Amino acid sequence: MKCFAALFAALLLLVPVAASAQGPATADDTARVLAGLSPAAGSPLETFTKEASWQSHAKYFDKAWAQLDERQLTKIRTWSTKNVPARKPVLFYMFSGPDFLYADAFFHGASTYVLSGLEPVGQVPDLAPLSPKALGHELRGLQNSLNSVLSFSFFITKKMKTELRDGRLTGTLPILYTFLARSGKTIRETTLVSLNPDGTVTPLAGEIAKGSSPGAKILFSSNGGPEQTLYYFNTDLSDGGIKTSGFLTFCKGLGQGDSFVKSASYLMHSDNFSLVRSFLVENTATLVQDDSGVPLRFLDEKDWRLAPYGRYVQPLGIFPKAYQPKMRDLFAKGRAQPLDFGIGYRWRPNESNLLLAIRSGELKADAAH
């Protein structure tokens, strides 16, 4: 009896040693499991891949991504390679929410991506405490959150804000993880941060201080390449919110960058968003946007080369004051080149539009090289 007790005690001592030897799951393994991709061999999350709920999730994403890649992403990458040859190391994507997917498709290879929106950041995803049943519930919630962007290329903000507060995996980080993994990225490190009123970004310790904005900083790489950085800030981009948030001060500290805007609710058509609009006009080298971005009247053809793509049609009825006669005239001049993919609110290919605006100084610099 004493021998059995001694043996049992010895086995109990070995259990934590084995568990600690395996170590916690990496951010990259977590992202891969959320994206329906197998984690690294020996990962503590590997057991989840044997569950029927995860296998169903993986099949769903395999199919959805294959369709999305054929319908849009491959065509977008081809369009971008052809039409946006000169790139800045920084990409600003205002009103993006967690949409790293299209930021990467249009501006692959940027060293720093800055995304922003009203969607909450949430906590760094941790799957280890979840039971298989709980994980299945969270994966179904993730699918629901991504349904509109996978089908139509944009998030529905009100719906997203509700969904991203439900369940155990909350906020934008599970979606950012999924997009990074499915885009072939390897996540190195994730840090919750505070964007302070003076424009500095510091690791978040405890509660967000008054006047600061929550955010996340993700370090990742592409196919073993150099380290890249993705920032996401939960911040109000209206004039009232942006004056005190430090967001534009932070962005200006990164230097001139490229910018991408789509499905932005035509907010920059309003004087309530004049500061973020002015920032983009003054600090962008190459701007790619649909008609919901910076109104054409702020892009003087003396300062920009404007190249329209696709077809400009009346904006959706929920945006009654967004129609731009100047945009109609630009597209009607016969200069608009075809667009073989859909993008934005008018997501059908024969109704979508893009405007490529390149600052005149960038054209001269490109020609000199």
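Residues are numbered from 1 along each chain as its sequence is written, and side-chain values use heavy atoms, with hydrogens and water left out. Because the model is predicted, local features need pLDDT of at least 70 and side-chain atom pairs count only at pLDDT 80 or more, whereas totals for chains, interfaces and linings use all residues.

**Exercise 1. Describe the surroundings of strand β5, with its pairing partners and its turn.**

Step 1. Helices (H or I, at least four residues) and strands (E, at least two) are DSSP runs, numbered from the N terminus, and two strands pair if DSSP finds at least two bridges between them. On one side, strand β3 (residues 185-195) pairs with β5 in the antiparallel sense, over ten bridges, and Leu192 has Ala216 of β5 as its bridge partner.

Step 2. Strand β6 (residues 228-234) also pairs with β5 in the antiparallel sense, here over six bridges, and Lys217 stands opposite Tyr231 in β6.

Step 3. For burial, the terms are buried (under 20% relative accessible area), exposed (over 50%) and partly exposed (in between), computed with a 1.4 Å probe on protein chains only. Strand β5, residues 213-222, is mostly covered, with eight of its ten residues buried.

Step 4. Five residues separate β5 and β6 in their hairpin. Asn223, in the loop between these two strands, has a phi near 50°, a positive value in a residue other than glycine, and Asn223 counts as exposed because its relative accessible area is 73%.

**Exercise 2. Characterise helix α2 and the loop that lies between α2 and α3.**

Step 1. Helix α2 (27-34) is mostly covered, as six of its eight residues are buried; these buried positions are Asp28, Asp29, Thr30, Ala31, Val33 and Leu34.

Step 2. Just after α2, Gly36 takes a positive phi of about 75°.

Step 3. Ser43 lies in the loop that leads from α2 to α3 (52-83), and Ser43 counts as buried because its relative accessibility is 6%.

Step 4. A polar contact is a pair of N or O atoms within 3.5 Å; within protein, one must be able to donate a hydrogen and the other to accept it, and residues adjacent in sequence count only if both atoms are side-chain atoms. The side chains of Ser43 and Asp29 make such a contact at 3.0 Å.

**Exercise 3. Locate Pro132 and list what it touches.**

Step 1. Pro132 belongs to helix α5 (residues 132-152) and, with a relative accessible area of 38%, is partly exposed.

Step 2. With contact taken as heavy atoms within 4.5 Å, and residues up to four places away in sequence not counted, Pro132 touches Phe48, Glu51 and Ser53.

Step 3. The C-alpha atoms of Pro132 and Thr49 are separated by 9.8 Å, although these residues are 83 residues apart along the chain.

**Exercise 4. Follow the chain from helix α10 into strand β8.**

Step 1. Helix α10 (residues 274-283) has seven of its ten residues buried, among them Val276, Phe279 and Leu280.

Step 2. Asn283, also in α10, counts as buried because its relative accessibility is 18%. Leaving aside residues up to four places away in sequence, Asn283 touches Phe92, Lys252, Gln256, Gly257 and Arg359.

Step 3. In strand β8 (residues 284-289), six of its six residues are buried. Strand β7 (residues 257-261) pairs with β8 in the parallel sense over four bridges, and Val261 stands opposite Gln289 in β8.
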